Amino acid sequence: HPVARALLEGAATERTLIWIDMETGVRCKARLDAHSPAGCPLDVKTAADGSPYAWHKAAIRCGYYLQAAHYLAGCCALGLPDDGMPFIVIEKSAPYVVSVYDLDPALIAEYGRRRISLLRAWAAASESDEPLPGYVSADRIHQLTAPAWAFEE
(Lines give C-alpha, C1' and ligand atoms only; values in the text may rest on other atoms or scores of the structure.)
Protein backbone atom coordinates (compact mmCIF):
# COMPACT_ATOMS: atom_id res chain seq x y z
CA HIS A 1 0.00 0.00 0.00
CA PRO A 2 1.79 3.17 -1.17
CA VAL A 3 0.35 5.51 1.47
CA ALA A 4 1.04 3.08 4.33
CA ARG A 5 4.56 2.56 3.01
CA ALA A 6 5.19 6.31 2.80
CA LEU A 7 3.93 6.83 6.35
CA LEU A 8 5.98 3.99 7.80
CA GLU A 9 9.20 4.51 5.85
CA GLY A 10 11.76 5.89 8.27
CA ALA A 11 9.24 6.04 11.11
CA ALA A 12 10.37 5.70 14.70
CA THR A 13 8.57 2.69 16.18
CA GLU A 14 7.14 2.17 19.64
CA ARG A 15 7.86 5.71 20.79
CA THR A 16 6.82 6.38 24.37
CA LEU A 17 5.35 9.76 25.30
CA ILE A 18 5.21 10.88 28.94
CA TRP A 19 3.67 14.19 30.02
CA ILE A 20 1.62 15.93 32.70
CA ASP A 21 -1.89 16.79 31.58
CA MET A 22 -2.10 20.54 32.19
CA GLU A 23 -5.85 20.58 32.85
CA THR A 24 -5.92 17.79 35.44
CA GLY A 25 -2.33 17.46 36.65
CA VAL A 26 -2.39 13.73 35.90
CA ARG A 27 0.83 12.09 34.70
CA CYS A 28 0.07 10.51 31.34
CA LYS A 29 1.77 8.00 29.11
CA ALA A 30 1.21 6.78 25.56
CA ARG A 31 3.08 4.33 23.39
CA LEU A 32 2.87 5.13 19.70
CA ASP A 33 3.12 2.23 17.27
CA ALA A 34 5.06 4.58 15.01
CA HIS A 35 5.91 8.24 14.60
CA SER A 36 6.36 9.24 10.98
CA PRO A 37 9.25 11.39 9.78
CA ALA A 38 6.57 13.94 8.82
CA GLY A 39 5.80 14.18 12.52
CA CYS A 40 2.43 12.50 12.87
CA PRO A 41 1.70 9.65 15.26
CA LEU A 42 0.60 6.42 13.56
CA ASP A 43 -1.21 3.36 14.77
CA VAL A 44 -1.32 -0.05 13.11
CA LYS A 45 -4.36 -2.26 13.70
CA THR A 46 -5.50 -5.61 12.40
CA ALA A 47 -9.13 -6.21 11.61
CA ALA A 48 -11.37 -9.02 10.44
CA ASP A 49 -13.04 -6.48 8.14
CA GLY A 50 -11.06 -3.41 7.12
CA SER A 51 -13.79 -1.87 4.99
CA PRO A 52 -14.54 1.78 5.82
CA TYR A 53 -17.96 1.10 7.40
CA ALA A 54 -16.90 -1.94 9.46
CA TRP A 55 -13.64 -0.43 10.63
CA HIS A 56 -15.24 2.88 11.60
CA LYS A 57 -17.73 0.96 13.77
CA ALA A 58 -14.82 -0.95 15.31
CA ALA A 59 -12.92 2.31 15.92
CA ILE A 60 -15.84 3.62 17.96
CA ARG A 61 -16.60 0.32 19.72
CA CYS A 62 -12.95 -0.44 20.61
CA GLY A 63 -12.09 3.03 21.88
CA TYR A 64 -9.70 4.06 19.09
CA TYR A 65 -11.13 7.59 19.15
CA LEU A 66 -10.28 7.86 22.85
CA GLN A 67 -6.82 6.43 22.11
CA ALA A 68 -6.30 8.99 19.35
CA ALA A 69 -7.46 11.86 21.58
CA HIS A 70 -5.03 10.75 24.29
CA TYR A 71 -2.07 10.28 21.94
CA LEU A 72 -2.71 13.62 20.23
CA ALA A 73 -2.95 15.34 23.63
CA GLY A 74 0.47 13.90 24.41
CA CYS A 75 1.87 15.13 21.13
CA CYS A 76 0.46 18.59 21.80
CA ALA A 77 1.88 18.67 25.33
CA LEU A 78 5.32 17.71 24.02
CA GLY A 79 5.33 20.14 21.08
CA LEU A 80 4.91 17.43 18.44
CA PRO A 81 2.52 17.69 15.50
CA ASP A 82 -1.01 16.91 16.69
CA ASP A 83 -3.20 17.57 13.67
CA GLY A 84 -4.10 13.95 12.94
CA MET A 85 -3.34 10.33 13.62
CA PRO A 86 -3.63 7.95 10.67
CA PHE A 87 -4.53 4.34 11.38
CA ILE A 88 -3.05 1.69 9.10
CA VAL A 89 -5.54 -1.18 9.08
CA ILE A 90 -4.48 -4.64 7.90
CA GLU A 91 -7.05 -7.38 7.41
CA LYS A 92 -6.30 -10.60 9.30
CA SER A 93 -6.97 -12.97 6.41
CA ALA A 94 -5.94 -13.25 2.76
CA PRO A 95 -5.64 -11.19 0.71
CA TYR A 96 -4.64 -9.03 3.76
CA VAL A 97 -6.10 -5.81 2.42
CA VAL A 98 -4.40 -2.69 3.79
CA SER A 99 -6.25 0.60 4.24
CA VAL A 100 -5.27 3.91 5.81
CA TYR A 101 -7.88 5.91 7.71
CA ASP A 102 -7.87 9.27 9.41
CA LEU A 103 -10.51 9.52 12.13
CA ASP A 104 -13.19 12.22 12.16
CA PRO A 105 -11.68 15.29 13.91
CA ALA A 106 -15.06 16.27 15.43
CA LEU A 107 -15.37 12.87 17.09
CA ILE A 108 -11.74 12.99 18.27
CA ALA A 109 -12.57 16.35 19.90
CA GLU A 110 -15.62 14.81 21.61
CA TYR A 111 -13.51 11.95 22.93
CA GLY A 112 -10.93 14.51 24.02
CA ARG A 113 -13.59 15.98 26.32
CA ARG A 114 -14.44 12.48 27.59
CA ARG A 115 -10.73 11.89 28.17
CA ILE A 116 -10.56 14.94 30.46
CA SER A 117 -13.57 13.64 32.43
CA LEU A 118 -11.86 10.27 32.84
CA LEU A 119 -8.61 11.91 33.96
CA ARG A 120 -10.53 14.01 36.49
CA ALA A 121 -12.17 10.85 37.87
CA TRP A 122 -8.75 9.19 38.05
CA ALA A 123 -7.27 12.21 39.85
CA ALA A 124 -10.15 12.29 42.36
CA ALA A 125 -9.84 8.56 43.07
CA SER A 126 -6.07 8.89 43.44
CA GLU A 127 -6.51 11.58 46.10
CA SER A 128 -8.98 9.55 48.14
CA ASP A 129 -9.28 6.02 49.46
CA GLU A 130 -12.28 5.38 47.22
CA PRO A 131 -11.66 3.05 44.26
CA LEU A 132 -12.81 3.90 40.78
CA PRO A 133 -16.27 2.49 40.13
CA GLY A 134 -16.29 -0.98 38.59
CA TYR A 135 -18.86 -3.30 37.10
CA VAL A 136 -19.59 -5.01 40.41
CA SER A 137 -18.94 -4.19 44.04
CA ALA A 138 -15.31 -4.42 45.11
CA ASP A 139 -16.00 -6.08 48.47
CA ARG A 140 -16.43 -9.67 47.28
CA ILE A 141 -15.80 -12.22 44.53
CA HIS A 142 -18.72 -12.52 42.12
CA GLN A 143 -19.83 -15.90 40.80
CA LEU A 144 -20.77 -16.01 37.14
CA THR A 145 -23.48 -18.48 36.18
CA ALA A 146 -23.37 -20.04 32.74
CA PRO A 147 -26.45 -19.51 30.58
CA ALA A 148 -28.22 -22.59 29.21
CA TRP A 149 -26.97 -21.98 25.67
CA ALA A 150 -23.36 -22.45 26.86
CA PHE A 151 -24.10 -26.15 27.48
CA GLU A 152 -25.59 -26.72 24.04
CA GLU A 153 -23.55 -27.88 21.08
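**View 1. Helix 3 and helix 4 are roughly perpendicular to each other in this predicted model.** Helix 3 covers residues 64-77 and helix 4 covers residues 105-127. Their axes come within 8 Å. The crossing angle is roughly 80°. An angle of 65 to 115 degrees counts as roughly perpendicular, and therefore this pair is described that way. From helix 3, the contact takes in Tyr-65, Leu-66, Ala-68, Ala-69, His-70, Leu-72 and Ala-73. From helix 4, Leu-107, Ile-108, Tyr-111, Gly-112, Arg-115 and Leu-118 meet them. By type, the residues of this contact are 10 nonpolar, two polar and one charged.

**View 2. Strand 2 and strand 3 pair in the antiparallel sense.** Two bridges hold this pairing in the model. Ala-34 has Leu-42 of strand 3 as its bridge partner. Five residues lie between the strands of this hairpin. Among them is Gly-39, which takes a positive phi near 110°.

**View 3. Strand 3 is mostly covered.** This strand spans residues 41-47. Five of its seven residues are buried. Strand 3 runs parallel to strand 4 (residues 86-91), and five bridges join the two. Asp-43 has Phe-87 of strand 4 as its bridge partner.

**View 4. Strand 4 and strand 5 pair in the antiparallel sense.** The pairing runs over five bridges. Here Ile-88 is bridged to Val-100, a residue of strand 5.

**View 5. Thr-24 sits in the loop between strand 1 and strand 2.** Strand 1 covers 12-20, and strand 2 covers 27-35. Thr-24 has a relative accessible area of 19%. The cut-off for buried is under 20%, so Thr-24 counts as buried. The side chain of Thr-24 makes a polar contact with the side chain of Asp-21, at 2.8 Å. A polar atom of the Thr-24 side chain also lies 3.3 Å from the backbone nitrogen of Val-26. Leaving aside residues up to four places away in sequence, Thr-24 touches Ile-116, Leu-119, Arg-120 and Ala-123.

Definitions and conventions
Residues are numbered from 1 along each chain as its sequence is written. This is a predicted model: local features need pLDDT of at least 70, side-chain atom pairs count only at pLDDT 80 or more; totals for chains, interfaces and linings use all residues. Side-chain values use heavy atoms; hydrogens and water are left out. Helices (H or I, at least four residues) and strands (E, at least two) are DSSP runs, numbered from the N terminus. Buried means under 20% relative accessible area, exposed over 50%, partly exposed in between (1.4 Å probe, protein chains only). A polar contact is a pair of N or O atoms within 3.5 Å; within protein, one must be able to donate a hydrogen and the other to accept it, and residues adjacent in sequence count only if both atoms are side-chain atoms. Contact means heavy atoms within 4.5 Å. Two strands pair if DSSP finds at least two bridges between them. Axes are lines fitted to C-alpha atoms, for helices over the stretch in contact, and angles run from 0 to 180 degrees between N-to-C directions. Angles under 35 degrees count as roughly parallel, over 145 as roughly antiparallel, 65 to 115 as roughly perpendicular and the rest as oblique. Ala, Val, Leu, Ile, Met, Phe, Trp, Tyr, Cys and Pro count as nonpolar, Asp, Glu, Lys and Arg as charged, and the others, Gly among them, as polar.
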